[in-house]
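Hi,

Here is the structure I promised to pass on. Have a look at it first, and my notes follow below.

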Amino acid sequence: MRKPFVWKLKTRELKLGERTLIMGVLNVTPDSFSDGGKYLDPDRAFARAIELEEQGADIIDVGAESTKPGSTRISAAEENRRLIPVLKRLRGKLTVPVSVDTYKAEVAELAIEHGAEIINDPSGLTFDPQLAKSVVQHDAGLIVNHMRGRPETWAKLPPMRDVIGTIARELEATVNRARHAGVDRSRIVIDPGIGFGKRKEQNSEIVAHLGQLARLELPVLVGPSRKSFLAQSNEEQTRYATAAAVTACILAGAHIVRVHDVMEMLAAVQVADEVLRNRGT
């Protein structure tokens, strides 16, 4: 059985482990690998966030900068230009917490001021270490994602050796940096970073050995949704593949799954949770 945790956020606490929480993805970028700018308009993004909550999302994760392979970095000003109008519309309109996917302290600071309760750092504090201080100052939750290299260079990276062992050691180092900056352990969730600088065939290996991250004694979030190692001949088949990966992640110990298709993944999550509950009987 998964170890239970209480994740402390800015204005609430989330119980993790009793059931799998679903984080719904909302990209407000013109170049996302998953939706290609469909929700760049703030009004459409607002409507999508409401829809995700209605479909069963427990957290809405808003991202305004793409970190797909080969993508290039944008300025904090541009990221805020895309992000803040959406956060302004969402404030007070959702019952679930909002997470913001960013590695920039300047963006995190403004996002929390506009209602975000979680910062989801795709770089695991490697791009902007000052981000941890923003989390501390505002008592926000922090997700640290394992990223190898940078999106611009991923295609050139060789395969990892001892994949899950390396991820565990580097996530532990990241958590130690966050703790040193003052982030309370009860506010931290770890993510092995499927697709973030890992070779295609190694992502399945990460899922298979996900249980080894339990030794870090922290909640685990996994985001397999629509990643290239799951790609099929059409979108419908890729959703089925994502559902299989989501189920595998939960059975291996994930507390939270990050997905694009909340309604479709809800059924897979519920079945996986029922299987987990029956393991203990």
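Let me start with a covered helix: what covers the buried residues of H6 includes helix H5 (163–180) and H7. Contact here means heavy atoms within 4.5 Å, and helices (H or I, at least four residues) and strands (E, at least two) are DSSP runs, numbered from the N terminus.

Before going further, please note that this is a predicted model, in which local features need pLDDT of at least 70 and side-chain atom pairs count only at pLDDT 80 or more, while totals for chains, interfaces and linings use all residues. Residues are numbered from 1 along each chain as its sequence is written, and side-chain values use heavy atoms, with hydrogens and water left out.

**Helix H6**

Helix H6 spans residues 200–208, and its buried residues are Gln202, Asn203, Ile206 and Val207. (Buried means under 20% relative accessible area, exposed over 50%, and partly exposed in between, with a 1.4 Å probe and protein chains only.) Seen down the axis of H6, these buried residues fall within an arc of 150 degrees, so they line one face of the helix. The arc is that of the directions from the helix axis to the C-beta atoms. Glu201 and Ala208 are exposed on the other side of H6.

**Two helix pairs**

Two packed helices are described by the angle between their axes and the distance between the axes. The axes are lines fitted to C-alpha atoms, for helices over the stretch in contact, and the angles run from 0 to 180 degrees between N-to-C directions.

Helix H7 (residues 235–251) packs with helix H8 (residues 262–279) at an angle of about 25 degrees, and their axes are 9 Å apart. That makes H7 roughly parallel to H8. (Angles under 35 degrees count as roughly parallel, over 145 as roughly antiparallel, 65 to 115 as roughly perpendicular and the rest as oblique.) H7 and H8 cross in a right-handed way; a crossing is right-handed if the near helix is turned clockwise from the far one by less than a right angle, and left-handed if anticlockwise.

From H7, the residues Arg239, Thr242, Ala243, Val246, Thr247, Ile250 and Leu251 meet Glu264, Met265, Ala268, Val269, Ala272, Asp273, Val275, Leu276 and Arg279 of H8. By class, the contact of H7 with H8 has ten nonpolar, two polar and four charged residues. Here Ala, Val, Leu, Ile, Met, Phe, Trp, Tyr, Cys and Pro count as nonpolar, Asp, Glu, Lys and Arg as charged, and the others, Gly among them, as polar.

For the second pair, the axes of helix H1 (residues 42–55) and helix H2 (residues 76–90) come within 9 Å and cross at roughly 45 degrees. That makes H1 oblique to H2, and H1 passes H2 in a right-handed crossing. Pro42, Asp43, Ala45, Phe46 and Ala49 of H1 make this contact with Pro85, Val86, Arg89 and Leu90 of H2. The residues of the contact of H1 with H2 divide into seven nonpolar, no polar and two charged.

Ala45, in helix H1, is buried, with a relative accessible area of 0%. Leaving aside residues up to four places away in sequence, Ala45 touches Leu26, Val28, Tyr39 and Val86. Ala45 and Leu83 are 38 residues apart in sequence, and their C-alpha atoms are 9.9 Å apart in space.

His146 sits in the loop between strand E7 (141–145) and H5, and is buried at a relative accessible area of 3%. Not counting residues up to four places away in sequence, the residues that His146 touches include Met160, Ile167, Asp191 and Phe196.

Thr166 has its place in helix H5 and counts as buried at 14% relative accessibility. With residues up to four places away in sequence not counted, Thr166 touches Met160 and Arg161.

**Positive phi values**

Most residues other than glycine have a negative phi. Leu125 has a positive phi near 65 degrees; Leu125 lies in the loop between strand E6 (118–121) and helix H4 (131–138) and is buried, at 4% relative accessible area. Arg226 also has a positive phi, of about 60 degrees. Arg226 belongs to the loop between strand E9 (221–222) and H7, and counts as partly exposed at 24% relative accessibility.

Best wishes
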